[in-house]
Structure formats: C-alpha cells, structure tokens
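This report goes through selected features of the structure shown below.

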Amino acid sequence: MTKKVGIESIAYYIPDNYKSNFNFKEEFEIDDYFIVEKIGVKRVSQKLATEDTSDLCIKAWESLRQNSAIEKEEIDCVIVVTQNPDNNIPHVSAKVHEALDLKENCACFDISLGCSGFVYALSVIESFIETNNFKKGLLFTADPYSKIIDRKDKNTALLFGDAAAVTVVGQKPIFCSGKYTFGTIGKMHKELICNNSLLYMNGRSIFDFVARYIPKDMNLLLEKNEMRMDSIDLFLFHQGSKYIIDTLVKRLKISAEKAPFLANEYGNTVSSTIPIMLSDFLDNHAYTNIVICGFGVGLSWSSCVLKRVINNK
Amino acid sequence: MEVSLEQIREIFAREVDKKVDVKNIDSHASLSDEGVDSLDSASVFLALEDEFNVKFTDDDIAKLDTLNKIKAFIESKKSA
C-alpha cells in the first residue's frame, strides 16, 4: 500500500573543507586499520567558521536548483531538522524562508531530533502535506556537530562531519513510504548529550542500543509492511560508523552490499546521512524497495520502507 | 557456576576482529595489548551479557582486561 505523497528529489551540500583522521593517529593512539576498517571515516567535512546552519540549508537548496526545476510558488511548507540552530530563537526554517524568498503563506517549523530525524520528519511532512492538501514541501536536515565537538574526544572527534540535505516531498513522488516504526529509550538520553556546548557520547551504550534494538526493529518493520528480508533491495542505515553498519549486517544476516557504509569521505553527518545516500539511488531502477533507518539521540529510532513509484506522472 | 575459557574464547572469536589471534591469546595476557580495541570490546561484552545473562558496567569492563579475569567475574556473578 503506497500513498500519493512521497519523495520527489534530493540534493545536498557537503562543505569542501575536510579534516583528515590520519592526522590524529598519534594523538588518539590509533592506526590506519582502525580508521579505514573500524570507524570507516577517513576524513570529516567541516563547515567554515563563517557558515551557520541556515547557510548549509541554503547551499543544499542551491544544489537542488542546479539539478531540478522547482517553482517556489509550489512550496507550501519548510521543515528543518536540527539540534544546532543558528539561534535558539527564531527557528532556522524562518531564516531559510527569507533566504529562499518563499511566499508568505508557507508553513515553516523546525524539528529537534538527531540521527533519527530524517525518518521522523519524512513521516511528519508527508502527513502535513496530505492533511493540508499542499503541493510540495521542503525537508531540510542540517546539524553541524562541529559547533559542539570536543576535539580532544576520540569518541566523537573522528566521526562527525557537517552537511545539509534538502528533500522535496510532493505529489509526484519517485518513492513513497510504507508503514513506519518509531521508538525511544528516554532513560538512556544521557548517553548522547550536549552539556555546556560540548557533545558527550558513551560509545559502548550507543553500540549496545543499536545492536540490541535495530535488528528487532527491522523484523517489526518488515512484519508491519508484510514484507520479507529478501524483498528489500537496500538498507540505508544511519551512518553512525562502519563498525555499527558491520554489526547490523552481521546480526541481520544480510550481505554487506545491501547495507553499505558510504560516509568514508565526509563522516557521520547526523540527520543528513540517509538523504545524502538516498539521493544516489533515486534514479536507479534496480532498487525498488529501500529501507531507511535512523537511530541516535534520545535515544530514538525510526524506520520505513520506501517503495518506488512506477508511474508518477 | 563454572564457566569455561573455551566458551569465552568462542565469543571472542565470533565478535573480535579477525586480525586478532584469539585462539592463541594467553588467558593472563592483556587483551588490549593483544589488539582487542574498544569497538571489539563493546561487541564482546554485549555478547557475553547475552550469553551468560550478566551485566557489565563501564567500570567493570575497564578492569576486565584478561580472559581469566572475565571468567572469574562471570563465575562470581553467577554464584552470587
């Protein structure tokens, strides 16, 4: 069962400014093997000091405009997923609204979620568009962790990169979502938290959470959608680290090709990892059923099956 | 309850990176010195928790750096 509202296109922006993890081997007592085969991140992207969260969104929008024609008049809502906004007040989506020069009767709001944010927000924007009979909405993800990274913390300094993505959701979709799963383990919220403007992550707790909950969630998701593991062409898991993805591959007994780690050259870009990866598969018709699954801050997770729309004209 | 080193070695062999020669690690040797890194360790202790139904805190894990210490810890928890 598919709905008529879904993903029409995706574009993204990754700042062309990188920090190589190979430069930190001595400081963090790690070797090439650990960087390449374990965390999987060779370098992390980092925004310029002059760029703020809304600027990343605007760059993603400019990338979208280069590759697809979209009429600003058709945009009825804008959602920005971030926990690192330009300011506490106002919401980033209002600044994006101004920068994109969108019409006044356009709904704008932010969603405060981390790595599960894209999947949650996709469900929200689909419902919002359907309920209000809108034409199109823009779903931005932009969470530049470089604002809060403790550069002396091996657990986080080598992993997180900056990026933004914009997903156009509307009535001429390439992919529509099936049923979603959602979850939260609020009692574990302190395991991934920002205190005094610095990020803290208990790597072992996050690993345990993912290894224990996500395989179970995959089974629930497939059951809800009346599908089997082998009918899924691709699993796009949040790119926490290569080790996390390898663990999920092992626990789900799926091939590594079906659940790739693709963040080697820019890092874990929080809520942007899934749309960045998904953009490369939108026009590849070899992929009909794609699972997207985000997990992290909260601790929370959400998953859904995206189903290719054969005739979206 | 007695736990065998073989049971623990099997879990290490399943969870730890293939570059670590688990079969030949001396039961008194420091696991970190033998190449078991923090990510391997997270996998191993999760599997040990599932296998033996015991809970390891972060402080416990910091102290359990040999196969023998892990064996003794699990046995003490199971006997308590």
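## Cysteines

In this predicted model, the cysteine sulfur closest to that of A:Cys77 belongs to A:Cys106, and at 6.6 Å it is too far away for a bond. A disulfide is a covalent bond between the sulfur atoms of two cysteines. The cut-off applied here is a pair of cysteine sulfur atoms within 2.5 Å. A:Cys77 has 0% relative accessibility, so it counts as buried.

A:Cys108 is likewise in no disulfide. Its nearest cysteine sulfur is that of A:Cys106, 4.1 Å away. Over all chains, the count of disulfides by this rule is 0.

## Helix α4 of chain A

Helix α4 of chain A spans residues 92-100, and its buried residues are A:Val92, A:Ser93, A:Val96, A:His97 and A:Leu100. Viewed down the axis of α4(A), these buried residues fall within an arc of 145°, so they line one face of the helix.

Which elements cover the buried residues of α4(A)? Among them are helix α3 (53-67) and the strands β4 (75-81), β5 (107-111) and β6 (136-142), which belong to chain A. Just after α4(A) comes A:Asp101, which takes a positive phi of about 55°.

## A:Ile276 in helix α9 of chain A

A:Ile276 sits in helix α9 of chain A, which covers residues 273-279. Is A:Ile276 buried or exposed? With a relative accessible area of 3%, A:Ile276 is buried, since buried means under 20%.

Leaving out residues up to four places away in sequence, A:Ile276 touches A:Tyr12, A:Ile14, A:Ala163, A:Tyr266 and A:Thr269. A:Ala11 is 265 residues from A:Ile276 along the chain, yet the C-alpha atoms of these two residues are separated by 7.4 Å.

## Helix packing in chain B

In chain B, helix α2 (residues 38-52) packs with helix α4 (residues 67-79) at an angle of about 35°, and their axes are 12 Å apart. The crossing of α2(B) past α4(B) is right-handed.

On the side of α2(B), the contact is made by B:Phe45, B:Leu48 and B:Phe52. On the side of α4(B), B:Ile70, B:Ile74 and B:Lys78 take part. The residues of this contact of α2(B) with α4(B) comprise 5 nonpolar, no polar and 1 charged.

Definitions and conventions. Residues are numbered from 1 along each chain as its sequence is written. Chains are lettered from A and ligands numbered from 1 in the order in which they are written. This is a predicted model: local features need pLDDT of at least 70, side-chain atom pairs count only at pLDDT 80 or more; totals for chains, interfaces and linings use all residues. Side-chain values use heavy atoms; hydrogens and water are left out. Buried means under 20% relative accessible area, exposed over 50%, partly exposed in between (1.4 Å probe, protein chains only). Helices (H or I, at least four residues) and strands (E, at least two) are DSSP runs, numbered from the N terminus. The arc is that of the directions from the helix axis to the C-beta atoms. Contact means heavy atoms within 4.5 Å. Axes are lines fitted to C-alpha atoms, for helices over the stretch in contact, and angles run from 0 to 180 degrees between N-to-C directions. A crossing is left-handed if the near helix is turned anticlockwise from the far one by less than a right angle, and right-handed if clockwise. Ala, Val, Leu, Ile, Met, Phe, Trp, Tyr, Cys and Pro count as nonpolar, Asp, Glu, Lys and Arg as charged, and the others, Gly among them, as polar.
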